[in-house]
Amino acid sequence: MVTAGAYRREARMNGADEGMTDILILLDEKELDIFKKNIGWIKDRIPHGNVVVIGGKRLEKSVSDIDADVHFIDENTMLPGLCIGAVRKKIKEICGTGRRAGWYFQQFLKMGYALRCRDRYYLIWDSDTIPVRQTAFFDGGGLPYMDYRQAAPYDGQYFETISRLFPERAAKRANVSFVTEHMVIEGAVMRELIREIEENQTVKGRFFWEKIINAVGKEHLNLSGFSEFETYAFFVRSRYPHTYTMRRWKNLRNGKFYLGEYVTEKQLQWLTGFDAVSVEDFDVCGRLFTAVVERLRKKGIRFGDIYKVVNPFYDLAYRMMMNCRRVRRRYLTGKRGEA
């Protein structure tokens, strides 16, 4: 087994600690405005290599107009056979609706980029997430960080899928989650993961993405039945545990709720204790509440004090919303199955 020390020496020899790695961003049309706002912060605060954007062909000119240095890849031609139409068709055959196809498609693209990436590593970064400050993604010895957060109640279904994809190794749910809106991927390890999935004869399909869709339980396919981050983290920790350094990561995922749709530099400086903030499209944004939060900021109230009071109520409301969504979608999937 390769030790952590030996792997660090190899990483330094390959220049990993110099941070030369692509920053991979998946972009949807509805995220174009927030990408335009965020790209400056991303490039300034993530001191790594080129920014690569994967999106629909119609976005290419818009992305080039925002930043001419960004390399653009058409999402429907990146890998043979992988396109949104094929993913939607496959999902619809199983559960009767392809409404979550785009969500799964983006995860397959993040994985599939390893098949064409020339660097040793690439960093996946969500377009709606802003680094609060300049952040390193490799430790002093050259190993990449594997960032984690506290696990959430709705993360459990991912491990059912992982267990079907890698039946020889039981995937036990951890008390932490690796869904942190970013991840450093080692290309060779992701390629090995993809190869093992495609060689798994217990799951139907030819390509890795077809097998993943078939491995997700029908009751979860119309919800969130797979996580590329959790799957990759499981694979690394079970096969190559010394190749990453674990690091606790704190992202203000409901940033839109507190700060509004367009975050300012002053607001970012206010978020002490957080590493990043996400402004997600589906999150709620009440103008009156964000105005009150902004007034408290100007009065010198610490954000952490507001967060401690408000966020337990937000979490409760969010869990209730997620449970209602699960019940509704399972009911609709069942009705379509009966038809």
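Guide: A residue is called buried under 20% relative accessible area, exposed over 50%, and partly exposed in between, with a 1.4 Å probe and protein chains only. The model is a predicted one, in which local features need pLDDT of at least 70 and side-chain atom pairs count only at pLDDT 80 or more, while totals for chains, interfaces and linings use all residues. Residues are numbered from 1 along each chain as its sequence is written, and side-chain values use heavy atoms, with hydrogens and water left out.

Side chains of opposite charge can pair when their charged atoms come close. With a salt bridge taken as a side-chain nitrogen of Lys or Arg within 4 Å of a carboxyl oxygen of Asp or Glu, the count comes to 17 salt bridges.

One of them joins lysine 61 to aspartate 65, with the closest N and O atoms 3.0 Å apart. Both lysine 61 and aspartate 65 are exposed. Because they stand four residues apart in helix α3 (residues 60–66), about one helical turn separates lysine 61 from aspartate 65; helices here are DSSP runs of H or I with at least four residues, strands are runs of E with at least two, and numbering starts from the N terminus.

Aspartate 126 forms a salt bridge with lysine 110, the closest N and O atoms being 3.8 Å apart. This pair links distant parts of the chain, 16 residues apart, since aspartate 126 sits in the loop between β4 (121–125) and β5 (129–131) and lysine 110 belongs to helix α5 (residues 101–112). Aspartate 126 has a relative accessible area of 19% and is therefore buried, and lysine 110, at 8% relative accessibility, counts as buried too.

Lysine 110 also meets glutamate 228 in a salt bridge between their side chains, at 3.1 Å from N to O. Lysine 110 lies in helix α5 and glutamate 228 in helix α10, so this pair ties together parts that are 118 residues apart in sequence. Glutamate 228 is buried, as is lysine 110. Through shared partners, the salt bridges join Lys110, Asp126 and Glu228 into one network.

Helix α10 (228–239) leads on to another buried set, as α10 is among the elements that cover the buried residues of α6. In helix α6 (residues 157–165), those buried residues are Gln157, Tyr158, Phe159, Thr161, Ile162 and Leu165.

Conventions
Contact means heavy atoms within 4.5 Å.
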